[in-house]
Structures are given as C-alpha cells and as structure tokens.
Amino acid sequence: MGKSDKRNILLFVFMVLGFLLALQFRSVMSNTSKDAVSTAQTIESLKKELEREKTIGEILKKELEESIVERDTILRNIVEERGSEDINEEWERARILAGLTEVVGDGVVITLNDASEVVSGVSDPLLHDSSLYEVLNEIKKAQPVAISVNGERIISTTEIVCAGPTTRINRNRYAVPYEIKVIGDSKKIREVFLNSSIVVFEFIPNNIRFQIKEEKDIVIPKYSGRIDVLTNAVEVVEE
Amino acid sequence: MKNVVRIITMTLVCFSIGIMISWQYKSIANNNQLLVFQRTSIEALQEELIEQQRVNEELEERLKEVNKEIEYYSYAMDDMGKIDRTIKKEMREAQILAGLVDVKGKGVEIVIDSIYGKVFEVDILNIINQLRAWEAQAISVNGERVTALTEFELTEGDRYKINGMYYTIPYVIKAVLPPENIDYLVYMIKNIAEKEMYFEVKIEVKEEIIIPKIKDEGSLLKYVY
C-alpha cells in the first residue's frame, strides 16, 4: 500500500466521519431546538386545557341533570294537582321504557380493554366498535332491564361508531377501557356472554382483556342528552 | 508485519464506521418517528379539545333553556295551555323513543336477502349500527320495532329471534332519519352491498315510511317493574 493510497483511505474515512458528525449534530439540534421544546409545551398545555374543559363539562352535566329533575318534578306536581293521574302514569311508563329515568338493580359489570401486549400470532390486539355492539347484542339476548357503557345509557338510538382512537356513543366520545353495566338476570347474562362467539373466537385468541363480575345495586344513569333532536324527524301516526 | 497491522487497523476503523452509520440511521429514523408522533398527538388533542368545547357549549345552552323553563313554570302557573303543550310534547318524545307509538317520516327501506338463506348477526348489527350512526330515529325489522334492548339472535333453522319473535329471510329494515343524512346512509349501505359476496342488500329512499310500535309492550314492562 503506497503512501497516496493510505492518504486516500484516511481522507475518505474522515470525510465520512465529518459527514456523520454533521448529520448527528443537526438531528440532535432539531430535537432540542425551540421547536421540539415548544411542541412538548403545546402538548402539555393542550392536555391541561382539555382536562379543564372536561371538568367544566362534568359540572355542567351534573347541574343540567339536577335542573331537569327539578323541572320534571314541577311539571308532575302541576299534573297531579289537577288530578290527572293517568297522564302522570303514562308519562312515567314511557320515560322508563325510553331510558329517561335512572334504574337501580342487581346485575353484572363487564369491562373490556385492548390486549395488554402484542403477542406473536395475535391477529388483532385492538377492541373495535363492532366488538362492542356485538357484545351489547349478546347481552340483549339475555333480556336485560337496562344497559350503560361508560355511563352512557343505551337507548333505541344509541350508535357505537369508531372515531379514531375513541368510540362515539350517544354523540359523546369514549376510549378504552369500556365498562358495561347491565341490570338483569346475572346468571343468564354471564352464560350468554362467556359462551358467545365474540368472546370465544375473538377475545380469547386475540388476548383482548375482559372481565365479568356480578354486582348488587348497580346504578344505571338515565339518558342525559337532548331528546327533541332524537325525535324531530318523525311524526306520530295518530290512531 | 507492518502491513498486517495496518490492514487490521483499517478493518477496525471501517467496521466501527459501519456500526456508527447504522446507529446513526436508527437514531434519525427514531427522531423522525417521534416528531410525527408528536404532531399527530397535537392534532388529536386539538380535535378532542374542540369536540369537548362544543359539548360544553351545548350543555350550557341546554342548562339555560331548562332553567328558563323552571322559572317560567314557577311564576306562571296560570298559563296552563303552555304547560299542557309541554307535557304533551315531552310525553310524545318519550313514547317515540320507547317505541310505544307508530311513527312516520322520510326514510329508507333496506331489503337483505341471501341465496344461502342466512345472514350473520354481525352483518345485521353493522347495518342497524350504520342507521343509528346516521341518526335514525325509528327502526323496524320485519315489522318489529327496534328498541334499546332489541336482540338479533340467529337461531336454529337460520331464523332470527327479534323481540322474542322468529323471522326468516328476506329481512326488511325500515328506518326514518333526518332527511339531510339520507344520502350519506345510502352511500354507506351501497358500500356494504358492493363488498359483501354472500348476501344481497337493496336500499330505497321513500318519502313516507311507517314504523310500527312495539307489538308486546307487556314483555318489556315485565322487566322494568
């Protein structure tokens, strides 16, 4: 190996080293630059603001529920004072069946969550919207009295729609884990749920986490959204 | 001897450069991934924040409305006409939601048929869920009103148990939904129809669809009381 050969090799080696150093420097700088810091700060402040808005939402929801109860009581009292017991009874029955009243009773609480870790051979570690409505259908086969998912009462118009990493239920968004409360015959619900094809052929092979436990005095909230927007496209056919 | 040492040195140098290059490559790829992740997470957060703000605005508006009503009822007990109208309206709304009355409106009629004589639960559920996603306000399947607790159970003989009654193919789903959503729904259902090979789906928009009330409300009430 001649002297010029050695020089050429060293030249080449140092060029590569220099290039690498510059690349590394740029990459590190771009990470620690103002941009990156401000990105982290933006995320942090967005999270805080979201948290604050959620708290406001919770407070508003509670206040609204209290106001609705107060208004309904006033209306019912007026009807009662006028001696129209039949109307009150009919109204109450419709409200119970529509899911517009809180229900308390014994039943089961089912929790569903994505697979805890991706295991090789698992085809799908995520819990999808279709899994959720399939589970709800299984529960309905056991003739339950009332169902809620993450505090949302399941009513006749309840949709389960995938919206990115969350699921839209009664026009509100929820993320995993899903807590399904059911009032009804717990033995029957348990049997139907554990033997359903969704649990046997999807949840167990895919490692989707699920739990079912019997509970007493489960409180299932009433539907808390607007009712007029759920009924404004239909007209009652008078008999 | 000197040559051997040089070659070994050079090999070592080139070897370490190789390792550095691969390391570098991984590090840059990681950094880019982190950046993309941060950007998506900002977008997702912003979206969620806007959504939550919208929900809060709606809640605030409703709270104001309800509080106004409370004030009104408390001080204007003599306007019985308005109170009666309110009670009637609220009762009607509850009855519609519960499926206790026949209703009509603009909507769609979907017919599902299959030469195999069978449609799986998940496919029926998907169509019902699509209807609900496009805000269907009343749905029936083969004349059975779909309520909050209506089950779709494929039983022996490929019959469906719906509200405790048995039905076979074809399945006729009727739904009334807000007119502005009908086109979107038709598009979604046609999409399903194109993808599915084992069953047929036809959808037709109708100016007036009549959805019957629940047939046996006794069975429903039995569980409530």
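Two residues count as in contact if their C-beta atoms, placed from the backbone, lie within 7 Å. I start from this because the packing and interface entries below rest on contacts. I also note that the model is predicted.

**Entry 1: helices on the sheet of chain A**

I looked up helix α4 of chain A, residues 129–141. This helix lies across β1, β2 (146–149) and β7 of chain A. Its direction is at about 15° to that of β7(A). I then turned to helix α5 of chain A, residues 186–194, which also packs on the sheet. Helix α5(A) touches β1, β7 and β8 of chain A and makes about 20° with β1(A).

**Entry 2: the sheet itself**

In what order do the strands of the open sheet in chain A run? I read β3-β2-β7-β1-β8, which is 5 strands with antiparallel pairing.

β1 (residues 103–113) and β7 (residues 178–183) of chain A are joined by 6 bridges in the antiparallel sense. For A:Leu112 I found the bridge partner A:Tyr178 in β7(A).

**Entry 3: domains of chain A**

I noted three domains in chain A: domain 1 at 3–32, domain 2 at 35–95 and domain 3 at 104–220. The centres of domain 2 and domain 3 of chain A, taken over C-alpha atoms, are 24 Å apart.

**Entry 4: where the chains touch**

How many residues does each chain bring to the contact? I recorded 77 residues from chain B and 72 residues from chain A. On the chain B side, the elements giving two or more residues include α1 (2–75), α2 (80–98) and β1 (103–113). The largest share of that side, 34 residues, comes from α1(B). By type, the residues of chain B that touch chain A are 42 nonpolar, 21 polar and 14 charged.

I also found strand pairing between the chains. β9 of chain A, residues 235–236, pairs with β1(B) over 2 bridges in the antiparallel sense. In this pairing A:Val236 stands opposite B:Val103.

**Entry 5: a record for chain B**

I looked up the UniProt entry, which is unreviewed, and it lists residues 7–25 of chain B as "transmembrane region". In the model I found this stretch to be 100% helix and 0% strand. The C-alpha atoms at its ends are 27 Å apart.

Note on methods: Residues numbered from 1 in each chain as written. Chains lettered and ligands numbered in written order. Predicted model: local features only at pLDDT ≥ 70, side-chain atom pairs only at ≥ 80, totals over all residues. UniProt positions renumbered as here; feature names shortened; annotations may be inferred. Helix = DSSP H or I, 4+ residues; strand = E, 2+ residues; numbered from the N terminus. Domains from an automatic or database assignment. Nonpolar A, V, L, I, M, F, W, Y, C, P; charged D, E, K, R; others polar. Pairing = 2+ DSSP bridges. Axes fitted to C-alpha atoms, helices over the stretch in contact; angles between N-to-C directions.
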